[in-house]
Amino acid sequence: MQTLHTLRIKRYCYLLILLFFGIAPLRAQLKNTPQDSLLFERNNFKITATKATHNDTVIYNTKKDSLNFFKNNITEPTECKVFFSSHYNPLSLVGPYYSYEYGVATQEACGLMGNTLGIATVNINTMQKVTLQELFTEKSLLKALKNDSWIKELGQLNNIPISKIKTFKTFLYFLSDTTSMQFSTQSFAVLDYNSATNEAQVRFVAQEYIGYDHNKHFQLGLTLQPKENLKEVFKSQIDFKLGAYKNGLIK
């Protein structure tokens with residue numbers, strides 16, 4: 001027969017176990033919650049681990065992402081677990097042209113966890129999206145794409161003479177028709193710049209579907225020439241380049 005003292009000890013141990021397993025998930029959640037540490041600040045442009053603002057205008061904010069998701073998508077009670085998470089990483093800042101990585105993970109309607117990834121470039125002065133064609137010459141874009149070994153192989157496999165492609169727009173049609181990837185003209189980041197040759201090393205990034213509602217980055221490394229009116233910007237106004245901060249791209 002168990003004594004009262006023994007029962008008290010067992011009850012105390014049971015409470016400790018409940019307390020530990022109840023706190024552990026919370027501890028893990030807090031540990032994995034990104035801290036809003038300052039990453040970069042200059043001339044009213046501020047980047048933290050969770051948001052970016054310029055002159056108090058929000059470029060992105062993970063907290064607002066979460067609030068908007070649950071407001072727009074969760075309209076009825078559900079027994080299924082609903083999950084949402086977003087993240088952003090600075091990639092490059094050349095003059096006012098800011099490139100960043102974004103990612104979203106969601107789980108709802110009793111489905112599997114899915115994710116999306118992408119790269120965006122904006123002019124922080126106007127808050128407008130910026131394309132490759134706006135910063136770099138079309139001549140250098142065509143030359144870089146035609147010299148890419150993966151694109152050459154893609155052309156051969158599809159019997160398409162890529163050497164005869166004459167516009168960047170046609171190249172985008174070619175990539176969308178022959179691959180399952182999503183290429184966006186705003187999806188790029190600056191890796192380096194050589195002022196002697198006026199050449200920039202650029203990563204042109206697509207979203208590649210890998211199944212089960214998951215995606216990953218697909219990168220093309222291009223050597224491009226900034227337009228004449230932007231030479232001075234690239235020469236003297238690069239605040240940071242790809243690799244300065246943690247991200248999911250390959251340098």
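**A first walk through the model**

You'll find asparagine 159 in the loop between helix 5 and helix 6.

Some housekeeping. This is a predicted model, so local features need pLDDT of at least 70 and side-chain atom pairs count only at pLDDT 80 or more, while totals for chains, interfaces and linings use all residues. Residues are numbered from 1 along each chain as its sequence is written, and side-chain values use heavy atoms, with hydrogens and water left out.

Now the overall picture. The protein chain has seven helices and 12 strands. Helices (H or I, at least four residues) and strands (E, at least two) are DSSP runs, numbered from the N terminus. Of the 251 residues in the protein chain, 38% are buried. If you take contacts between residues at least 6 apart in sequence, 54% of them join residues at least 24 apart. Contact, by the way, means heavy atoms within 4.5 Å.

How do helix 5 and helix 6 cross? The axes of helix 5 (residues 149-157) and helix 6 (residues 168-178) come within 11 Å and cross at roughly 65 degrees. That makes helix 5 roughly perpendicular to helix 6. Axes are lines fitted to C-alpha atoms, for helices over the stretch in contact, and angles run from 0 to 180 degrees between N-to-C directions. Under 35 degrees counts as roughly parallel, over 145 as roughly antiparallel, 65 to 115 as roughly perpendicular, and the rest as oblique.

And who touches whom? From helix 5, Trp150, Ile151, Leu154 and Gly155 meet Phe171, Phe174, Leu175 and Thr178 in helix 6. By class, that contact has six nonpolar, two polar and no charged residues. Ala, Val, Leu, Ile, Met, Phe, Trp, Tyr, Cys and Pro count as nonpolar, Asp, Glu, Lys and Arg as charged, and the others, Gly among them, as polar.

Next, helix 4 (residues 138-146), where Ser140, Leu141, Leu142, Ala144 and Leu145 are buried. What covers them includes helix 3 (132-135), helix 5, helix 6 and strand 11 (214-224).

Over in strand 9 (residues 181-194) sits threonine 185, which counts as buried because its relative accessibility is 14%. Leaving aside neighbours within four places in sequence, threonine 185 is in contact with Val130, Thr131, Leu132, Gln133, Phe168, Leu172 and Phe204.

Last stop: an open sheet of four strands, in the order 1-2-3-4, with antiparallel pairing. Strand 1 (38-42) and strand 4 (57-61) stand at the edges with a single partner strand each, so one side of each has no neighbour in the sheet. Strand 1 and strand 2 (residues 45-48) pair in the antiparallel sense over four bridges; two strands pair if DSSP finds at least two bridges between them. Arginine 42 stands opposite phenylalanine 45 in strand 2.

In the loop between strand 1 and strand 2 is asparagine 43. Its phi is near 45 degrees, a positive value in a residue other than glycine. Buried or exposed, then, for asparagine 43? At 57% relative accessibility, asparagine 43 counts as exposed.

Terms used:
Buried < 20%, exposed > 50% of the residue type's maximum accessible area, 1.4 Å probe, protein only.
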